[in-house]
Amino acid sequence: MVSKSQNPRKVAVDILNNVLYKKKSLKYLFTEKLLSNFKDIDKAFLTEIIYGVLRNLYYIDWLLEIFFKDKEKLSPFTINNLRIAIYQLIFMRVPDYAAVNEAVNIEKIFGGKPTVVNGILRNFLRKYSKGSAPECQNLSIKYSHPQWLIDRWIKRFGVEETKNILKANNEKPPFTIAVKPQERGAVIDYLTKKGFLAKATSYSPAAVTIEGQIQNILKTLHESPFFWIVQDEASQLVCFLLEPKEGISVLDLCASPGGKTILTAVLMERGKILSIEKDKGRFKTLKDNILRVKKFLPKVEIEAHLIDLFKLNIKESFDGIILDAPCSSTGVIRRNPDVRYRVTEEEIFRLSNIQMKMLEKASKFLKRDGILIYSVCSTEPEEGEFLIDKFLQKHKEFISINSVYPFFESFYLKKGILRSFPHKHGTDGFFMVRLSLR
Ligand SMILES: C[S@@+](CC[C@H](N)C(=O)[O-])C[C@H]1O[C@@H](n2cnc3c(N)ncnc32)[C@H](O)[C@@H]1O
């Protein structure tokens, strides 16, 4: 259990061990709940060192490599402690002596190798005094992304665009919420009066970006009289692509944490949504999130079911279906910098097979004049355009069709098939398609 007096560097080492060695997901370890145990100044510092190390891991390791004598003898704790110290020395304004002394102290707390850590960091500082660490031209090291993923992107987009993707993936993403489109102006006024920089975005009519300390923003939003949820603009666009009309029925087949269920409910104002989720823990999150906003949606009936979509056995068909399938998450690397170290090419192929089976199953529940939206937060074609081509080849009864909304203009790859990118649109990277029966 963390207490307010806990050392942020020590917690950062712990989190990095879990993410980089045990392959746990950063977003489930580094939560608002964990942060709430720290003083404001430590919250910002902890966030910066964790995200900073993960965004620059290969570069930091490249710099460190020449200072190791017996790297194999160092524990993951020591290596992550060193990475955190190097990040502070190169990228932050932490005084050299403080970064080194703190790293040595942490090493003592872990019962690690304080003398080795002290030696490596002092040698590092002798070679590279402030600001003199060399640049690396190798893209994988410079932007800290796996080579196989960079090779894929270069083949598809060329070197220059790939560099832009890599840069955008290492930038801090905006904090974005979805509100009722008719209340967007009022929400922005409210937040502005409370001292935040709040802006309407370019594409989703429901999106507001807010600058400021996240916990202060959340506190202000909780006290506000408005409907809001935290949701990236691209994720919001998936709901607009459905064009939910008043009174329709919607099936959301991969629903938790509920962003798309909830914004769809807001947009349709009146109707019925059946939300499916197979994971027990995530189902609870879905239920909690729906419960929080229920008062803002008095005319939409949302029913949530804990069930594997492959076992869904109902006779009903729906006006709208959303299949926001589990994916490699390569479109959300800027929000989850650890994704790049977990994802593999095999995983992309494995997911693609599951996604196709999910889409086949989803398509069975569509009404004659209904719309089926398939989406993933992946940049990879096996989970997007290749999969849809295959589906449309096999299912001649389906076609992809454009939305009536003009704000989708810059996202189309083909009729009804869309992609968003952080480096182009400033949104998360999503693939989405609008399918209807012929
Ligand atoms: C990309 S997330 C969905 C995000 C959600 N649509 C939102 O906007 O908040 C995919 C979800 O699908 C769930 N899932 C994966 N396989 C499933 C299955 N076979 N049946 C139902 N849900 C599944 C996962 O547990 C995960 O919560």
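User: Which loop is glutamate 269 found in?
Analyst: This is a predicted model. In it, glutamate 269 sits in the loop between α15 and β6. Strand β6 covers 271–277.

User: What is phi of glutamate 269 near?
Analyst: Its phi is near 65°. That is a positive value in a residue other than glycine.

User: What about α6 and α8? How do their axes cross?
Analyst: Helix α6 spans residues 76–91, and α8 spans residues 114–127. The axes come within 11 Å. They cross at roughly 30°.

User: So are they roughly parallel or roughly antiparallel?
Analyst: Angles under 35 degrees count as roughly parallel. The two helices are therefore roughly parallel to each other. The crossing of α6 and α8 is right-handed.

User: New topic. Where is proline 257?
Analyst: Proline 257 is in the loop between β5 and α15. Strand β5 is 249–252.

User: Which kind of peptide bond joins serine 256 and proline 257, cis or trans?
Analyst: A cis peptide bond joins them. Omega there is about 5°.

User: How far is the ligand from proline 257?
Analyst: A polar backbone atom of proline 257 is 3.4 Å from an oxygen atom of the ligand.

User: And glycine 259?
Analyst: Here a backbone N or O atom lies 2.9 Å from a ligand oxygen atom.

User: How far is the ligand from the side chain of glutamate 277?
Analyst: An N or O atom in the glutamate 277 side chain is 2.6 Å from an oxygen atom of the ligand.

User: How much of the ligand's accessible area does the protein cover?
Analyst: The protein covers 88% of it. On its own, the ligand has 600 Å² of accessible area.

User: How many residues are around the ligand, and which come nearest?
Analyst: There are 20 residues around the ligand. Gly259, Glu277, Arg282, Leu309 and Asp324 come nearest.

User: What classes are in that shell?
Analyst: The shell has ten nonpolar residues, three polar ones and seven charged ones.

Notes: Residues numbered from 1 in each chain as written. Predicted model: local features only at pLDDT ≥ 70, side-chain atom pairs only at ≥ 80, totals over all residues. Heavy atoms only, no water. Near = heavy atom within 4 Å. Polar contact = N/O pair within 3.5 Å; in protein donor to acceptor, adjacent residues only side chain to side chain. Areas by Shrake-Rupley, 256 points an atom, 1.4 Å probe, with all protein chains shown as cover. Nonpolar A, V, L, I, M, F, W, Y, C, P; charged D, E, K, R; others polar. Axes fitted to C-alpha atoms, helices over the stretch in contact; angles between N-to-C directions. Helix = DSSP H or I, 4+ residues; strand = E, 2+ residues; numbered from the N terminus. Parallel < 35°, antiparallel > 145°, perpendicular 65-115°, else oblique. Left-handed = near helix turned anticlockwise from the far one by under 90°.
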